[in-house]
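Colleague: Hi! Could you walk me through this one? I'm new to looking at structures.
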Amino acid sequence: MGIHRRHALTAMLTATALPWLAAVPAVAQTAPITIKFSHVVTAEAPKGKAADYFKRLAEERTGGRVKVEVYPNSQLYKDKEEMEAVQLGAVQMLAPAFGKFGPLGVREFEIFDLPYLFDSMEQARKITQGPIGASLLRKLEPKGILGLAFWDNSFKQMTANTPLHMPEDYKGLKMRIQSSKVIEAQMRQLGVLPQMMAFSELYQALQTGVVDGQENPFSNIYTQKMHEVQKHMTITNHGYHGYVVIVNKPFWEKLPPDIRTTLEGAMKETTAYFTKLAQEEDQQALEAIRKSGLMTIHTPSLEEKAALRTALLPVHEQMKSRYGAELLDQINKEIGRTVQQ
């Protein structure tokens, strides 16, 4: 983010971020507390629907004392901007993907970007909703951020304008990636030329040929209409995809205790809602893509699955220095995997 944008965010924080905190008591009791919840996907994607669900619960259960303003589709900030915005307090709440935390200095979250870290969403939830997930959320606090919840989305699939059957099919392709060093290493392992770009720019980049392909869950592929500008998709299920709901720490800690407790309850219920919704909508999105007839969908053979897995597993060892070997050992132990295989 440029210096002018940074100054603008700082000014916004000073002038508007928390007016109710600085107001006289009489005003503070009558004016609703505003939570700006910004995200980069459409309102129809599971994350978008969950943000709206949280808005409804929060406003209903606080009797209007809290107002949640949801800004989908990068209306306020793109990927790289939104993390600084929440730290400054220009927005109060986000639900970024794991790769966004590496540039923030909390690289441990990038472990979730490892290919074939989990064999099922049940394994993923055992980690994110358990002690390991809770310990990771605590690492955000020195950055002025509180982690409220993990939203476990689904597995990622590979798309391109050429068939992707074996590892050699990826060589030389320009694939869009998030700002994750682990995902970058994954792509380079396949001989891909990784292209880091904001999610909001991806559709146009695919349409114009700036990039050849990308990875995302079915629901994101469908709601962003990527199936209209990509000819092939392989059901690889190679990477777990999820989000971390975060909030500006000073803002959250200055909330009236009863409001904070109510919002925590609303977030817990929203997390359960998201889990169920993500599973249902991912499969519905796959069927919708199939029915559109615009994309050839390839289900890999056992041989093809094994070849891609074998090609990508070395990334686990290569990136240990980034996220920590001990953390990977803890995750493997918790899900009952003694070795990577």
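Colleague: Which residues form one aromatic cluster?

Modeller: F98, F101, F109, F112, F118, F150 and Y240 do. Keep in mind that this is a predicted model: local features need pLDDT of at least 70, side-chain atom pairs count only at pLDDT 80 or more, and totals for chains, interfaces and linings use all residues. Residues are numbered from 1 along each chain as its sequence is written, and side-chain values use heavy atoms, with hydrogens and water left out.

Colleague: How many aromatic pairs are there in the whole structure?

Modeller: The search finds 13. Rings of Phe, Tyr and Trp (its six-membered ring) pair if their centres lie within 6.5 Å; planes under 30 degrees apart count as stacked, over 60 as edge-to-face and the rest as tilted. F98 and F112 make a tilted pair, with 4.8 Å centre to centre and 35° between the planes.

Colleague: Are F98 and F112 buried or exposed?

Modeller: Both are buried (buried means under 20% relative accessible area, exposed over 50%, partly exposed in between, with a 1.4 Å probe and protein chains only).

Colleague: New topic: how much space lies in the largest pocket?

Modeller: About 280 Å³. Of its 16 lining residues, A134, L137, G147, L148 and A149 are the closest to the centre. On a 1 Å grid over the protein atoms alone, a pocket is an open set of points with protein on both sides within 12 Å along at least five of seven lines, while a cavity is a set where a 1.4 Å probe fits but cannot get out; lining residues have an atom within 4 Å of a point. Grid points are joined across faces, edges and corners, and a volume is the space filled by probe spheres set on the points.

Colleague: Which element gives the most to that lining?

Modeller: β4 does, with five residues. At least two residues each come from α7 (131–138), β4 (145–160) and α12 (257–292). Helices (H or I, at least four residues) and strands (E, at least two) are DSSP runs, numbered from the N terminus.

Colleague: And what is the volume of the second largest pocket?

Modeller: About 200 Å³. M121, S154, Q279, D282 and Q283 are the closest to its centre, out of 15 lining residues. α6 (121–128), β4 and α12 each give two or more residues to this lining.

Colleague: β4 keeps coming up! In which sense does β4 pair with β7?

Modeller: Antiparallel, over four bridges; two strands pair if DSSP finds at least two bridges between them.

Colleague: Which way do the residues of β7 point?

Modeller: G213 and E215 point one way from the strand, Q214 and N216 point the other way, and all are buried.

Colleague: Last one: which residues of α8 are buried?

Modeller: In α8 (residues 181–189), they are V182, I183, E184, A185, Q186 and M187. After this helix comes G191, with a positive phi near 80°.
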